[in-house]
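Here is a brief report on ring geometry, backbone exceptions and packing in one protein model. Please read it with the structure open.

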Amino acid sequence: KRQDSSAPASPSGGVEYLVETDVGGQKLNLDFDTGSGDLWVFSTSLSASSQANHHVFNPSSSSTYKAMSGATWRIIYGDGSGASGTVGTDTVTVGGTTVKGQAVELANRVSAQFVQDANDGLLGLSFSNINTVRPTQQKTFFDNAKSSLTKPLFAAYLPLNANGAYDFGAINARHHTGSVAYTDVDSSGGFWQFPSTSYKVGGTKHSLSGVSAIADTGTTLLLIADAAVTTYYDAVQGASFDNQQGGYTFPCSASLPDFAVRIGSTNYATIPGSLINFAPIDNSGRTCFGGIQSVGQIAGMSIYGDVFFNAYYGVFDDAGPRFGFAPI
Ligand SMILES: O=C(CNCc1ccccc1)Nc1scc(-c2ccccc2)c1C(=O)NCc1ccccc1
C-alpha cells in the first residue's frame with residue numbers, strides 16, 4: 001500500500017493483502033477493504049498506459065456480465081487517490097462464496113497511485129450506505145452474500161510477512177489465539193466504527209475523549225490523533241517528524257514501545273513495538289518509517305489499518321453489528 005499522500009514513493013511501502021477473485025470467469029487480484037464500499041476493477045475501458053501491469057476485466061469476454069445503463073461511480077480516498085467509471089453486474093466468486101448479480105464497477109479512470117499499486121481493484125467490505133454508485137446505490141459483496149453464509153460475518157487474518165486470509169461465514173480458530181472480545185459497531189457512517197477513547201504507550205494510559213476508531217483493512221498504517229502520535233514517538237530514541245517522508249521516522253535500530261488502544265469499553269488491544277517498525281525509508285536500512293502516523297484532518301477519528309491486523313484477527317459480524325478481535 002502507499003503511504004500518506006504527502007509521503008513520496010519511499011519508504012518502500014509494505015505489501016498489499018490481495019485476494020484472487022473470479023469476476024465473470026476472469027481472475028483479478030483485489031484489495032479487500034473494510035474502509036470502503038465499492039467493488040471496482042481495472043477494465044478494458046482504461047487507457048493502455050493505465051492498464052499496464054494489471055489484470056483487467058473485459059466485460060465483452062464475460063457471458064454473465066450485464067451493463068447497468070446510466071449508472072456511474074466515483075471514489076476519492078483520504079490519501080488523495082481515486083477512481084471512477086461505469087457499472088454492471090456479474091457473478092463474483094471469492095473462495096467458496098459466490099454472488100450472482102453483484103454490482104461490478106468498471107474503472108475508466110484511475111489515479112496514478114493505483115497504476116503503481118499491485119492490485120487490480122478493490123472489493124469494499126464497509127457497509128453499503130457509502131457505496132458511490134449513482135443514481136442507484138449498490139450493495140457490497142458481503143451484504144449480498146451474508147444471507148447465504150452459515151453466520152453473517154467475515155474475518156480478516158493479516159499476519160506480517162505471511163499469507164493472510166479472509167474467512168467468510170465462520171471464525172477460523174486456526175487464525176487466532178485466546179478468545180474473541182467484541183464491541184458494538186455504529187454503522188451510520190458506513191464504517192465498522194466503535195469508540196476508542198484511550199491508549200497506552202509502554203503501559204502509561206492517555207485519554208482521547210470522544211474519539212471513535214474504524215477497523216480498516218484498506219489502510220496500511222495505524223492513523224491516530226497528533227497528540228497520541230507525538231506521545232508515542234517522544235518515547236522513541238532518535239525519532240522525529242520527517243517532512244520529506246511525510247511522517248515520523250527513527251533509527252531502524254531503535255527499540256519501540258508497545259502501543260495499546262482501547263476498543264469500545266472492553267480491554268485494550270496491544271500492538272507490540274516490533275510491529276510498529278513499518279519499513280526502511282531507503283535501501284541503506286538506517287532510517288525506518290513508523291507504523292503509527294497522524295490521521296490528519298479528520299478530527300475525532302482513528303483508523304486502525306493493517307498494522308493493527310498484523311497483531312489481531314478482526315471479526316466483522318453483521319449480527320449486532322459488532323467488531324471482534326483476538327490476538328493472532
Ligand atoms: O478509504 C479508506 C479505505 N480504503 C483505503 C484505500 C485502499 C486502497 C487504495 C487507497 C485507499 N479508509 C478511510 S476511512 C477515512 C479515511 C480518511 C483518511 C484520511 C483523511 C480522510 C479520510 C480513509 C482513507 O482514505 N484511508 C486511506 C489512507 C488515508 C490516509 C493515508 C493513506 C491512506
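This is a predicted model: local features need pLDDT of at least 70, side-chain atom pairs count only at pLDDT 80 or more; totals for chains, interfaces and linings use all residues.

Residues are numbered from 1 along each chain as its sequence is written, and side-chain values use heavy atoms, with hydrogens and water left out.

## Aromatic pairs

A pair of aromatic rings is described by the distance of the centres and the angle of the planes. Here, rings of Phe, Tyr and Trp (its six-membered ring) pair if their centres lie within 6.5 Å; planes under 30 degrees apart count as stacked, over 60 as edge-to-face and the rest as tilted. The count by this rule is 32 aromatic pairs. One of them joins phenylalanine 32 and tyrosine 166. Its centres are 5.0 Å apart, its planes make 45°, and the pair is tilted. The two partners are 134 residues apart, so to speak of location: phenylalanine 32 is in strand β2 (residues 26-33) and tyrosine 166 in strand β9 (residues 165-168). Helices (H or I, at least four residues) and strands (E, at least two) are DSSP runs, numbered from the N terminus. Both phenylalanine 32 and tyrosine 166 are buried. Buried means under 20% relative accessible area, exposed over 50%, partly exposed in between (1.4 Å probe, protein chains only).Phenylalanine 142 and phenylalanine 154 make an edge-to-face pair, because their planes stand at 70° with the ring centres 4.9 Å apart. Phenylalanine 142 belongs to helix α3 (residues 141-145) and phenylalanine 154 to strand β8 (residues 153-157), so the pair ties together parts 12 residues apart in sequence. Both phenylalanine 142 and phenylalanine 154 are buried.

## Charges over rings

A charge sits over a ring if NZ of Lys or CZ of Arg is within 6 Å of the ring centre and within 35 degrees of the ring normal. Lysine 200 lies over the face of tyrosine 268, with 4.3 Å to the ring centre. Arginine 322 places its charged end over the ring of tyrosine 182, 3.6 Å from the centre.

## Backbone exceptions

Most residues other than glycine have a negative phi, and most peptide bonds are trans. Where are cis peptide bonds found? One joins arginine 134 and proline 135, with omega about 5°. Proline 135 is in the loop between β7 (121-124) and α3. The bond from glycine 320 to proline 321 is also cis, with omega near -10°. Proline 321 sits in the loop between β24 (312-317) and β25 (322-327).

Asparagine 53 is not a glycine, yet its phi is positive, about 70°. The loop between α1 (48-51) and β4 (66-76) holds asparagine 53. Asparagine 53 counts as exposed because its relative accessibility is 78%. Asparagine 161 also has a positive phi, near 50°. Asparagine 161 is in the loop between β8 and β9. At 74% relative accessibility, asparagine 161 counts as exposed.

## Nonpolar cores

A nonpolar core is a set of buried Ala, Val, Leu, Ile, Met, Phe, Trp, Tyr and Cys residues joined through side-chain atoms within 4.5 Å. The largest core has 76 residues. Phe168, Phe259, Phe308 and Phe323 touch the most other members. Helix α4 (residues 226-233) gives the largest share of this core, four residues. A second, separate core has 14 residues, among them Leu46, Ala71, Trp73 and Val110.

Contact means heavy atoms within 4.5 Å. Residues up to four places away in sequence are not counted for phenylalanine 168, which touches Phe32, Val94, Thr97, Leu125, Phe141, Phe142, Leu149, Leu153 and Phe154.

Threonine 21 lies in strand β1 (residues 18-23). Threonine 21 is buried, at a relative accessible area of 0%. A polar contact is a pair of N or O atoms within 3.5 Å; within protein, one must be able to donate a hydrogen and the other to accept it, and residues adjacent in sequence count only if both atoms are side-chain atoms. A polar side-chain atom of threonine 21 is 3.1 Å from the backbone oxygen of valine 19. Beyond neighbours within four places in sequence, the contacts of threonine 21 include Gln26, Phe32, Val92 and Leu123.

Aspartate 33 is in strand β2. Is aspartate 33 buried or exposed? Aspartate 33 is buried, with a relative accessible area of 5%. A polar atom of its side chain lies 3.3 Å from the backbone nitrogen of glycine 218. Leaving aside neighbours within four places, aspartate 33 is in contact with residues including Tyr77, Leu123, Ser126, Asp216 and Gly218. The C-alpha atoms of aspartate 33 and alanine 83 are separated by 15 Å, and the two residues are 50 residues apart along the chain.
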